[in-house]
Amino acid sequence: MEKIKLDRYQKKVIKNKSKNLLVIAGAGCGKTLTIIYKIKYLIKKHIMPEEILCITFTKSAAAELQNKLKKENIYIKVKTFHSLGYEIIKRNQQVKLIDNQTLEKIIINKLKKFQNLYQIINVKFTEIGKGSIPIIKNNILINSKYFPQIIDIIKTFINLFKSNNYNLFHFNKFHQINKKENFIKIRKRHKLFLNLVKQIYQEYQTYLKETNQIDFHDMINKATEIIKEDGIYPYKYIIIDEYQDTSLNKCELIKEIQLKTNAKLIAVGDDWQSIYQFTGSNLEIFLNFKKYFPKAKIIKLKQTYRNNQELLKVAKKFIMQNKNQINKKLFSKKHETYPIHIYYYQNSIKEIWSKIPKNNKTIILGRNQKDLNKVPKLNNMKYMTIHKSKGLEAEKVIIINLENAITGFPNKIKNNEYLQYLTQTKTNYEEERRLFYVALTRTKTNNILLVNKNNPSVFITEILKQSKKYIKIIDNNVKNLYNKKRVKK
């Protein structure tokens, strides 16, 4: 790594000696660099590499950080939460990791025998008449599109349940919540669902125990139990990257490690980029860091080296429409008159594809993997979903699927009613808004947004109202139309 001059915010982090430190790092503010130099600083202060527990969330991120540390002649095994948990469990017992299909098989088997399937799926049976008996309704549902959907809902429910490290007692809490429901039909349906899922959960847990297997959630939950009983290697520092993606059970694991070792904690992340609620991440843990780790110090990295100042203004106005986000005053020494270019099309992006400036340093971002089908030709460019692009950057970014549709951006598919017991309430597309923020901040220069002229995303309408002077519109007719509307108002 070449000689790099750190800014004053990064230096604050490196020299800070707090027991608990939260580093809020805006997009492109050099958080990875800060982590590397923090570790270098600790080693210079005679902390041994094996006394530093460094954790991130994905295998690829762990490998990347580990390689960057090697270039600095620092040899630390960067772990994921799951690899750490598995390592702790294997020291104490021999276990196998269960396959992804077992839970689904248990669910399917249970659903096929469940007499009230037609009630929990809750669809209208107008096509088979009023006199149809439940067993006929159930058989129809088992062979319908609704059957895979209810399987996915139950899988998601159990995975979120375990990511919160909940136990059977929590089903009693869920029933208490359900009793407050005013509509008797909904109350009855939810009661049936909760009782069914409880049975499936118990059967799944029994199977895991009898076959001496664990799943990804057990890697965290069982590791926490082992540390409570037996302790852990005496780490002096715990450094966690992407802390905004932490789930409750991962937070409990860290608290238990710190309790046993008295290690200092440095958590690094950005609440504006929290986009994994569907996997169990809980933004409240980040927003209320001092509640979980008392007397904590908070330092914000404010200078971004990726985005220009004008894009920062657009992105901040947009993301701060969310009620629960930490205010940050990010700044950049880079400037761009129009950080956003909007290209309008009538029916398909094929109409304008040849007019869009692009090269092999351009990435195309979509809301869903299926959005790739909308791209006429990739050439040397890379397509990825916005979730996959997290942590990456490119010279130029093209964002597609900016339509006002169910599977557009923002995605309008609502959480299933049964998941309300486990997920945070979302209003005003909160997580979708953070996802769009992530998309906007991948670029080193400007973003090209491809928008359906007749059916634009609500996010496009919003940024035009908020930040029009930073947006270049490539369709003159649409621009004039928009301006006329503004004048009339």
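This is a predicted model: local features need pLDDT of at least 70, side-chain atom pairs count only at pLDDT 80 or more; totals for chains, interfaces and linings use all residues.

1. Val13, Val23, Lys31, Thr34, Ile35, Lys38, Ile239, Ile266 and Val268 line the largest cavity. On a 1 Å grid over the protein atoms alone, a cavity is a set of points where a 1.4 Å probe fits but cannot get out, and lining residues have an atom within 4 Å of a point. Helix H2 (31-44) and strand E7 (264-269) are the elements that give two or more residues to this lining, and H2 gives the most, with four residues. Helices (H or I, at least four residues) and strands (E, at least two) are DSSP runs, numbered from the N terminus.

2. The space in the largest cavity comes to about 50 Å³, where a volume is the space filled by probe spheres set on grid points that are joined across faces, edges and corners. By this rule the count is one cavity of 30 Å³ or more. The lining of the largest cavity divides into six nonpolar, one polar and two charged residues; here Ala, Val, Leu, Ile, Met, Phe, Trp, Tyr, Cys and Pro count as nonpolar, Asp, Glu, Lys and Arg as charged, and the others, Gly among them, as polar.

3. Residues are numbered from 1 along each chain as its sequence is written, and side-chain values use heavy atoms, with hydrogens and water left out.

4. Buried means under 20% relative accessible area, exposed over 50%, and partly exposed in between (1.4 Å probe, protein chains only). Strand E2 (residues 52-56) pairs with E6 in the parallel sense over four bridges, and four bridges also join E6 to E7, again in parallel; two strands pair if DSSP finds at least two bridges between them. Ile238 stands opposite Leu53 and opposite Leu265 in E7.

5. An open sheet of six strands, with parallel pairing, has the order E11-E10-E12-E13-E9-E14. Strand E11 (382-385) and strand E14 (471-473) stand at its edges with a single partner strand each, so one side of each is left without a neighbour in the sheet. From one strand to the next, the twist averages 25 degrees, with axes taken as lines fitted to C-alpha atoms, for helices over the stretch in contact, and angles running from 0 to 180 degrees between N-to-C directions.

6. Within that sheet, strand E10 (residues 362-366) and strand E12 (residues 396-402) run parallel and are joined by four bridges, and the partner of Ile363 in E12 is Val397. Helix H17 (residues 430-440) packs on the sheet and touches strand E9 (340-345), E10, E12 and strand E13 (447-452), its direction making about 150 degrees with that of E12; contact means heavy atoms within 4.5 Å.

7. Lys295 sits in the loop between helix H14 (289-292) and strand E8 (297-301), and it counts as exposed because its relative accessibility is 83%.

How values were computed: On a 1 Å grid over the protein atoms alone, a cavity is a set of points where a 1.4 Å probe fits but cannot get out, and a pocket is an open set with protein on both sides within 12 Å along at least five of seven lines; lining residues have an atom within 4 Å of a point.
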